[in-house]
Amino acid sequence: MSNITHMVTFTLYVGKDTPEAESFLQESQTALAAIPGVEQFQVFRQVSEKNEFDYSFSMVFANQAAYDAYNNHPVHVQYVAERWEKEVSRFQEIDLIQHTT
């Protein structure tokens, strides 16, 4: 099976381009990128007016087992409960594997 690219695009309650948003992005990257199995963690800022979300995180997992381990990792579980659910106003998540023909 191919790598899994996990992406989430989101908007924060504190707004876009605020010091609080910058802090959230930096602290999220530090916490989530350190979880075993996370590869190529990236943070993006939306520039298109066609998209209703302000930011995105992207990361790659070698396989489904690595992705499942990330989702169940205590750091991720705590992050979701203490940061994500309180600070993110809305989001959309997608998980992709590369299509081969």
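Author: Tyr79 counts as buried, with a relative accessibility of 8%; the term buried stands for under 20% relative accessible area, exposed for over 50%, and partly exposed for what lies in between, using a 1.4 Å probe and protein chains only. The model is a predicted one, in which local features need pLDDT of at least 70 and side-chain atom pairs count only at pLDDT 80 or more, whereas totals for chains, interfaces and linings use all residues. Residues are numbered from 1 along each chain as its sequence is written, and side-chain values use heavy atoms, with hydrogens and water left out.

The structure holds 13 aromatic pairs. Rings of Phe, Tyr and Trp (its six-membered ring) are paired if their centres lie within 6.5 Å; planes under 30 degrees apart are called stacked, over 60 edge-to-face, and the rest tilted. Phe24 and Phe57 form a stacked pair, with 6.5 Å from centre to centre and 10 degrees between the planes. This pair links distant parts of the chain, 33 residues apart: Phe24 belongs to helix α1 (residues 19-33) and Phe57 to strand β3. Helices (H or I, at least four residues) and strands (E, at least two) are DSSP runs numbered from the N terminus. Phe57 is buried at 1% relative accessibility, and Phe24 is buried with a relative accessible area of 0%. The rings of Phe24 and Tyr79 have centres 6.3 Å apart and planes at 40 degrees, so this pair is tilted. Because Phe24 lies in helix α1 and Tyr79 in helix α3, the pair ties together parts that are 55 residues apart in sequence. Ring pairs join Phe24, Phe57 and Tyr79 with Phe10, Phe41, Tyr55, Trp84 and Phe91 into a cluster.

Leu32 also lies in helix α1 and counts as buried, at 2% relative accessibility. Leaving aside residues up to four places away in sequence, Leu32 touches Val38, Phe41, Phe57, Tyr70, His76 and Tyr79; contact means heavy atoms within 4.5 Å. From C-alpha to C-alpha, Leu32 and Phe57 are 9.9 Å apart in space, although 25 residues separate them in sequence.

The helices come next. The axes of helix α2 (residues 64-72) and helix α3 (residues 74-87) come within 5 Å and cross at roughly 50 degrees. Such axes are lines fitted to C-alpha atoms, for helices over the stretch in contact, and angles run from 0 to 180 degrees between N-to-C directions. α2 and α3 are therefore oblique to each other; angles under 35 degrees count as roughly parallel, over 145 as roughly antiparallel, 65 to 115 as roughly perpendicular, and the rest as oblique. Tyr70, Asn71 and Asn72 of α2 make the contact with Pro74, His76 and Val77 of α3. These residues divide into three nonpolar, three polar and no charged, where Ala, Val, Leu, Ile, Met, Phe, Trp, Tyr, Cys and Pro count as nonpolar, Asp, Glu, Lys and Arg as charged, and the others, Gly among them, as polar. α3 lies across β1, β3 and β4 and runs at about 120 degrees to β4. α2 lies across β1 (4-12), β3 and β4, at about 130 degrees to β3.

The strands belong to an open sheet of four, in the order β2-β3-β1-β4, with antiparallel pairing. Its edge strands, each pairing on one side only, are β2 (39-45) and β4 (88-97). Neighbouring strands of the sheet are turned by 15 degrees against each other on average, direction ignored. Two strands pair if DSSP finds at least two bridges between them. β2 and strand β3 (residues 55-61) pair over five bridges in the antiparallel sense, and Ser56 in β3 is the bridge partner of Phe44. β1 and β3 are antiparallel over seven bridges, with Met7 opposite Ser58 in β3. β1 and β4 are antiparallel over nine bridges, and Phe10 has Phe91 in β4 as its bridge partner. Seven of the nine residues of β1 are buried, so the strand is mostly covered.

Ser89, in strand β4, counts as partly exposed at 30% relative accessibility. Not counting residues up to four places away in sequence, Ser89 touches Thr11, Leu12 and Tyr13.
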